[in-house]
Amino acid sequence: MSTYGYYRLAAVTPKVKVADVTSNTDELVKAMRKAAEGGAHVVLFPELCLTGASCGDLFFQPHLQNAVLRALTRFASETARLKIPAILGFPLVVGEGIFNVAAVVQSGHVLGLVPKSILPGNRSAYENRQFRPAAELQVKEVELPGFGCVPIGSDLLFTDGLELTFGIEVADDLWGVIPPSSQLALQGARVIFNPGASMALAGAASYCRSLVAQQSARCQAAYVYSSAGVGESTQDAVYGGQAIIADNGRVAAENELFIRETSVIYADVDLQRLGAARCSEGCYNDSRALASVPPARKLLLGKFDSRCDLAYAWLPSRPFIPAPEERNTRCEEILSTQAAALAKRIEHTHARSLVIGISGGLDSTLALMVCARACRLLGLPNSTILAVTMPGFGTTGRTHNNAVAMMKLLGVSFKEVDIKESCLLQFQDLGFDPALRTSTYENVQARQRTSILMNLANMTGGMVVGTGDLSEIALGWSTYNGDHMSMYGVNCSVPKTLIRCLLGYEAEHCGNAMLAETIQDVIDTPVSPELLPPADDGSMEQKTEDILGPYDLHDFFLYHFVKYGAEPTKLRVLAQLAFAGEFPEELIGRTLETFLRRFFQQQFKRSCVPDGPKVGSIALSPRGDWRMPTDACGELWKP
């Protein structure tokens with residue numbers, strides 16, 4: 001049984017000698033053992049690796065052809081005890097033609113043979129001189145000496161009956177207009193293996209990397225590529241030995257080019273996640289319906305130990321945060337998306353003002369920056385923004401000062417409304433004792449603020465811009481019909497961890513040192529609704545993450561739960577790996593319990609949220625991305 005759907009895939013670039021079948025077999029056996037010791041579940045070798053890909057007309061020689069068959073028998077025998085499947089290439093005579101095939105070898109057996117479909121025949125590549133394409137194959141099985149009758153064809157899939165189902169295309173097949181891998185993926189292959197032999201031309205490695213990554217994304221699959229290395233003939237070309245493992249558009253592992261010894265790369269890929277993505281994202285099943293895909297022949301792999309320690313798994317602890325090299329581009333893209341969405345809503349409603357409550361916290365600061373950007377898009381002055389600070393019982397000097405400073409520095413219209421007296425009047429009307437610090441004490445303040453904002457919007461012919469973020473929406477960490485409500489929610493698909501990143505970008509690029517310093521202090525301020533009185537020294541007493549657990553964990557759970565349907569035990573294990581040394585396991589477990597409990601209990605708030613723009617792959621709008629019954633039972637998801 002696999003570990004939560006993870007399988008370790010390996011790509012080998014072996015040291016070869018052209019036409020030295022014995023030496024090559026020695027090297028392949030050693031590499032296979034090394035990969036098995038490394039925990040690999042499937043091992044890919046390059047195209048024609050038993051002979052070398054650059055043998056030319058030597059492929060016509062019966063002596064070489066027979067040596068290959070003996071070498072295949074030896075490889076199968078010497079790797080049988082390893083149990084795991086290997087994919088390796090060699091020339092095979094079938095009828096009156098020679099085919100460039102990839103064999104799946106496991107536990108001493110050859111399970112199937114996949115011939116190359118697209119044969120280059122121009123300039124330095126002239127494989128169609130020696131080989132015949134898969135389309136010319138007249139049989140579905142061949143008698144292979146020592147192995148009996150073996151299935152052959154480009155329509156083969158190999159499966160362990162669990163998450164692992166893979167198909168094979170050979171080298172240039174990937175470069176075709178419609179690669180065989182596309183059809184194999186539509187037939188259920190979650191992994192595509194490609195044994196190749198690419199020449200090391202200027203720019204070729206970058207192009208190949210891009211092609212492999214794109215095809216893995218297009219197929220919603222893992223894609224493993226291994227190419228012949230520097231041991232090939234350099235008579236007219238050089239082979240770089242490129243190896244790549246891609247996972248749904250992301251390059252998970254890649255080797256160095258021109259390594260002179262055998263190299264192995266690994267990646268732990270979550271095939272369960274890929275299956276979940278195919279189920280929940282329409283492009284895969286829609287493509288199946290549109291394409292005319294011939295049925296594949298599925299071959300059952302032998303049993304092997306598929307446990308995985310996830311040492312080569314890609315598990316970023318903050319999956320919403322862009323990679324450093326993409327940070328600036330991605331942040332600008334997100335902020336521009338938010339601003340464009342708000343600008344459209346302003347135009348459509350003919351709003352004369354943007355009314356927004358500014359607390360001095362992360363969410364309202366980001367929403368304020370988005371409002372300023374929207375005004376720039378429409379050629380409106382920042383005074384169009386009516387920013388309101390509404391100090392209550394829990395407001396601290398730090399957040400209040402930051403709120404006022406930002407509003408002044410941005411030149412927005414500014415209003416301060418102290419809500420303490422009006423809240424005390426409401427407590428009196430309700431017959432509520434304010435000494436009781438219950439949810440009523442907190443929510444009266446939140447609803448009073450929303451009431452003020454809505455009424456100001458009426459007075460100024462404007463709209464209330466909501467500030468709540470995706471993390472709060474997931475947890476229901478808002479007051480129903482309080483900060484839960486607005487006329488347009490610009491942050492609705494931006495999680496808390498990403499907000500810090502976006503504000504950091506804004507601080508760096510705002511062009512105002514004082515504003516940048518203020519934004520940075522907002523980033524450094526603990527997250528709090530500030531609804532309970534501060535400590536005697538004026539410091540913040542109520543801290544959200546002390547109550548709910550770290551937002552870093554909540555956002556991690558949100559990502560894997562909503563996007564890939566990870567079950568509770570898997571969520572806990574992945575978080576323990578991703579946050580090893582950062583958060584104790586007890587805190588991870590407690591926070592996971594809070595996340596799942598609140599996610600199910602608080603759906604009623606998500607069922608009636610305002611409009612707002614989707615900026616990433618995850619959103620919880622009941623009109624689009626997340627349609628869940630308000631009264632769905634969460635018992636099954638208790639960790």
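Is glutamine 106 buried or exposed? I began my notebook with that one, keeping in mind that the model is predicted.

**Entry 1: Glutamine 106**

I looked up the accessibility and found 2% for glutamine 106, so this residue counts as buried; the cut-off for buried is under 20% relative accessible area. I then checked where glutamine 106 sits, and it belongs to strand 4, residues 97-106. Next I listed what glutamine 106 touches, skipping residues up to four places away in sequence. The list holds Lys83, Ile84, Pro85 and Leu111, and also Leu301, Gly302, Lys303 and Phe304.

**Entry 2: The whole protein**

I stepped back for an overview. The protein has 639 residues, and 56% of them count as buried. I found 19 helices and 22 strands. Along the principal axes, the C-alpha atoms fill a box of roughly 100 × 50 × 45 Å. I also looked at contacts with a separation of 6 or more: 74% of these join residues 24 or more positions apart.

**Entry 3: The cores**

Which residues have the most contacts inside the largest nonpolar core? I found Leu342 and Phe599, in a core of 87 residues. Helix 8, residues 362-378, gives the largest share of this core, with 10 residues. Apart from this core lies another one of 80 residues, and Phe75, Ala76, Val142 and Ile265 are among them.

I went back to leucine 342 to see its partners. Not counting residues up to four places away in sequence, leucine 342 touches Leu354, Val370, Cys371, Ala374, Met463, Val465, Tyr488 and Val490.

**Entry 4: Helix 16 and helix 18**

A reminder to myself: two packed helices are described by the angle between their axes and the distance between the axes. For helix 16 (residues 551-564) and helix 18 (residues 585-601), I noted an angle of about 55° and axes 10 Å apart. These two helices are therefore oblique to each other. Their crossing is right-handed. On the helix 16 side, the contact is made by Leu553, His554, Phe557, Leu558, Phe561 and Val562. On the helix 18 side I counted off a list that includes Leu587, Ile588, Phe595 and Phe599. Sorted by class, this contact has 12 nonpolar, three polar and no charged residues. I had already met Phe599 as one of the residues with the most contacts inside the largest core.

**Entry 5: Helix 10 and helix 11**

How do helix 10 and helix 11 lie, at what angle? I found about 125° between helix 10 (residues 420-430) and helix 11 (residues 439-460), with their axes 10 Å apart. This pair is therefore oblique, and helix 10 passes helix 11 in a right-handed crossing. Ser422, Cys423, Gln426, Phe427 and Leu430 of helix 10 meet Thr440, Tyr441, Val444, Gln445 and Gln448 of helix 11.

**Entry 6: Leucine 137**

My last stop was a loop. Leucine 137 lies between strand 7 (125-126) and strand 8 (141-144). With a relative accessible area of 14%, leucine 137 is buried. Which residues does leucine 137 contact, leaving aside neighbours within four places in sequence? I found Val94, Phe99, Pro115, Ile152 and Gly153. Finally, I checked a distance from C-alpha to C-alpha: leucine 137 and lysine 563 are 42 Å apart in space, and 426 residues apart in sequence.

How values were computed: Residues numbered from 1 in each chain as written. Predicted model: local features only at pLDDT ≥ 70, side-chain atom pairs only at ≥ 80, totals over all residues. Heavy atoms only, no water. Core = buried A, V, L, I, M, F, W, Y, C linked by side-chain atoms within 4.5 Å. Buried < 20%, exposed > 50% of the residue type's maximum accessible area, 1.4 Å probe, protein only. Helix = DSSP H or I, 4+ residues; strand = E, 2+ residues; numbered from the N terminus. Contact = heavy atoms within 4.5 Å. Axes fitted to C-alpha atoms, helices over the stretch in contact; angles between N-to-C directions. Parallel < 35°, antiparallel > 145°, perpendicular 65-115°, else oblique. Left-handed = near helix turned anticlockwise from the far one by under 90°. Nonpolar A, V, L, I, M, F, W, Y, C, P; charged D, E, K, R; others polar.
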